[in-house]
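The sequence and the model come first.

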Amino acid sequence: MPVVFDVHGYLQPGIMQNAWSGMGAYGARHGFAVIVPETHVLPPKWDYRKNSADIAFLSEMLTHVEQTLCIDKRRVYMTGLSMGAFTTSSVACQLADRFAAVAPVSGLQDFTWCRPARDVPVVAFHGTGDEILSYTGGTGSRGMQLPASDGTLRTIGRQMREDKHPQLVPNAASIPAQTAAWARRNGCASTPTTKQITHDVARTSYACAPDSSVELYTIYGGGHTWPGGDPALVPTQITGPITQSISATAIIWDFFRAHPLRGPMDA
């Protein structure tokens with residue numbers, strides 16, 4: 001079976017990510033396995049930096065899955081929300097030989113050190129009304145009020161002001177600019193095409209080789225949320241609104257299905 005890793009965000013347990021995305025239930029209906037990794041640190045967070053222990057943990061988890069389940073190694077994918085999207089972006093950089101495609105939701109990141117072993121297809125989602133991770137780049141006003149990532153009794157905003165080199169800070173470039181950086185990395189054409197999909201969603205895509213696709217779904221007015229998710233499960237007074245005009249889960253799976261790994265692989 002194909003496998004999708006569904007990675008939780010900052011302050012968020014895996015069970016919450018599974019509920020917000022609905023990926024597990026969707027996989028049960030559409031024939032793919034879903035792995036929901038979880039950190040056991042407080043506050044819950046991922047170290048997505050280059051050569052971090054958490055990236056090694058995810059690689060080792062995939063090895064365990066390969067050894068214990070009957071999976072298709074050409075169709076292993078990763079998605080994630082918020083810091084889970086940061087981690088998904090990092091995995092695309094560091095484990096490109098093992099994950100066929102990625103889908104960062106509310107947190108696509110471009111890293112200066114990113115040198116993937118191959119072009120990695122990317123489909124991203126982000127709301128223009130996201131006040132936790134701003135569509136225009138960096139941490140939003142609500143994100144500044146979250147607890148500090150080092151476990152101290154500070155806010156992220158205070159941590160960023162006081163620490164000379166604060167850890168786990170998002171890229172200051174806008175989400176469209178970071179999408180364009182991934183397109184350049186994948187050798188795509190420099191000028192994108194944007195198409196209105198619904199009344200509040202537009203898709204920006206680049207002319208790329210078939211195995212190098214890069215797409216961004218912009219949700220106008222959308223919050224720090226999973227498009228198509230159940231609003232009853234989400235504190236929308238904090239995260240902002242959830243569009244129901246698209247299903248990120250369905251779009252992600254369609255994108256993943258179209259982008260398996262190609263070429264020779266180890267047995």
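In which loop is T139 found? T139 lies in the loop between β5 and α5 (141-144). The model is predicted. T139 has a relative accessibility of 19%, and the cut-off for buried is under 20%, so T139 counts as buried. Beyond its neighbours within four places in sequence, T139 is in contact with I132, M144, M160 and P170.

Y135 is also found in the loop between β5 and α5. With 15% relative accessibility, Y135 counts as buried. When residues up to four places away in sequence are not counted, Y135 touches H126, G127, T128, D130, S174, I175, P176, L216 and T218. Y135 and T218 are 83 residues apart along the chain, and their C-alpha atoms are separated by 9.0 Å.

## The sheet as a whole

Eight strands form an open sheet with mixed pairing, in the order β2-β1-β3-β4-β5-β8-β7-β6. The edges are taken by β2 (33-35) and β6 (193-198); each has a single partner strand, so one side of each has no neighbour in the sheet. From one strand to the next, the twist averages 20 degrees.

Strands of a sheet pair through backbone hydrogen bonds, in either the parallel or the antiparallel sense.

Strand β3 covers residues 76-81 and is mostly covered, with six of its six residues buried. V76, M78 and G80 point one way from β3, while Y77, T79 and L81 point the other way. Both groups are buried.

Strand β1 (residues 3-7) pairs with β3 in the parallel sense over five bridges. In this pairing, D6 stands opposite T79 of β3. Strand β4 (residues 101-105) also runs parallel to β3, and five bridges join the two. T79 has A103 as its bridge partner in β4. Together with helix α4 (residues 83-94), β3 and β4 make a right-handed β-α-β unit.

## The antiparallel strands

Strands β6 and β7 (residues 201-205) pair in the antiparallel sense over five bridges. T193 stands opposite S205 in β7, and T198 stands opposite V201 in β7. The two strands form a hairpin with two residues between them.

β7 and β8 also run antiparallel, joined by five bridges. The bridge partner of T204 in β8 is L216. L216 is also among the residues touched by Y135.

Which strands does helix α7 touch? Helix α7 (residues 175-185) packs on the sheet and touches β5 (122-127) and β8 (214-219). The direction of α7 makes about 170 degrees with that of β8.

Helix α9 (residues 248-257) packs on the sheet as well, touching β1, β3, β4, β5 and β8. The direction of α9 makes about 160 degrees with that of β4. How much of α9 is buried? Seven of its ten residues are buried, so the helix is mostly covered by the cut-off of under 20% relative accessible area. The buried residues in α9 are A248, T249, I251, I252, W253, F255 and F256. An α-helix has 3.6 residues a turn, so residues three or four places apart point the same way.

## Aromatic groups

The structure holds ten aromatic pairs. In one of these, the rings of Y26 and F32 have centres 6.3 Å apart and planes at 50 degrees, so the pair is tilted. Planes under 30 degrees apart would count as stacked and planes over 60 degrees apart as edge-to-face.

Y26 is buried at a relative accessible area of 13%, and F32 is buried at 3% relative accessibility.

Terms used
Residues numbered from 1 in each chain as written. Predicted model: local features only at pLDDT ≥ 70, side-chain atom pairs only at ≥ 80, totals over all residues. Heavy atoms only, no water. Buried < 20%, exposed > 50% of the residue type's maximum accessible area, 1.4 Å probe, protein only. Helix = DSSP H or I, 4+ residues; strand = E, 2+ residues; numbered from the N terminus. Pairing = 2+ DSSP bridges. Right-handed = clockwise from strand over helix to strand, strands pointing away. Axes fitted to C-alpha atoms, helices over the stretch in contact; angles between N-to-C directions. Contact = heavy atoms within 4.5 Å. Phe/Tyr/Trp six-rings, centres within 6.5 Å; stacked < 30°, edge-to-face > 60°.
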